[in-house]
Amino acid sequence: GQRVGVRGTVGVGEEEGAGTAGAVGNARARLNGGARAAVAALDRVLTRGMIDVEGVQVVDAFERRYVMVGILVAESRGTQLLTGTCELTDSPEQAAVLAVLDATNRWLASRR
């Protein structure tokens, strides 16, 4: 139909979280759904702070297409914008999930 469900699972240390998001069945909405599902999964394993999707877009560079995400992190010290990218090959949802992980990897590693 016109609606798809996106599910993302992430692991942080020994913790694992799954998140889901619904999206309209077009490419742009599926990108957003993938990013929101990854953020929802991360939110389940975070012990502090808040995380949200600031934006998702497709960018062209080096004769390829990439998914670029902006992830907003709020902690006691304020907010921080994290960015990540992933080459867009087959699945827009998968590229969005991987771009979220690219954006948050170093930030999560510094929290251990």
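The exercises below concern a predicted model.

**Exercise 1.** Determine which strands stand at the edges of the open sheet of 3 strands.

*Solution.* Begin with the order of the strands, which is 3-4-5, with antiparallel pairing. Strand 3 (50–61) and strand 5 (78–87) each have a single partner strand, so one side of each lacks a neighbour in the sheet, and these two are the edge strands. From one strand to the next, the twist averages 20 degrees.

**Exercise 2.** Describe the pairing of strand 3 with strand 4.

*Solution.* Strand 4 covers residues 64–75, and its antiparallel pairing with strand 3 extends over 11 bridges. In general, strands of a sheet pair through backbone hydrogen bonds.

**Exercise 3.** State which strands each helix lies across.

*Solution.* Helix 1 lies across strand 3 and strand 4, and runs at about 145 degrees to strand 3. Helix 2 (residues 92–109) lies across strand 3, strand 4 and strand 5, at about 135 degrees to strand 5.

**Exercise 4.** Identify the elements that build the largest nonpolar core.

*Solution.* This core has 23 residues. Two or more residues come from each of helix 1, strand 3, strand 4, strand 5 and helix 2. Helix 2 provides the largest share, 8 residues. Among the residues with the most contacts inside the core are Ala35, Ile51, Ile71 and Val100. Ala35 is also among the buried residues of helix 1. Leaving aside residues up to four places away in sequence, Ile71 touches several residues, including Val39, Ile51, Leu82 and Val100.

Methods:
Residues are numbered from 1 along each chain as its sequence is written. This is a predicted model: local features need pLDDT of at least 70, side-chain atom pairs count only at pLDDT 80 or more; totals for chains, interfaces and linings use all residues. Side-chain values use heavy atoms; hydrogens and water are left out. Buried means under 20% relative accessible area, exposed over 50%, partly exposed in between (1.4 Å probe, protein chains only). Helices (H or I, at least four residues) and strands (E, at least two) are DSSP runs, numbered from the N terminus. Two strands pair if DSSP finds at least two bridges between them. Axes are lines fitted to C-alpha atoms, for helices over the stretch in contact, and angles run from 0 to 180 degrees between N-to-C directions. Contact means heavy atoms within 4.5 Å. A nonpolar core is a set of buried Ala, Val, Leu, Ile, Met, Phe, Trp, Tyr and Cys residues joined through side-chain atoms within 4.5 Å.
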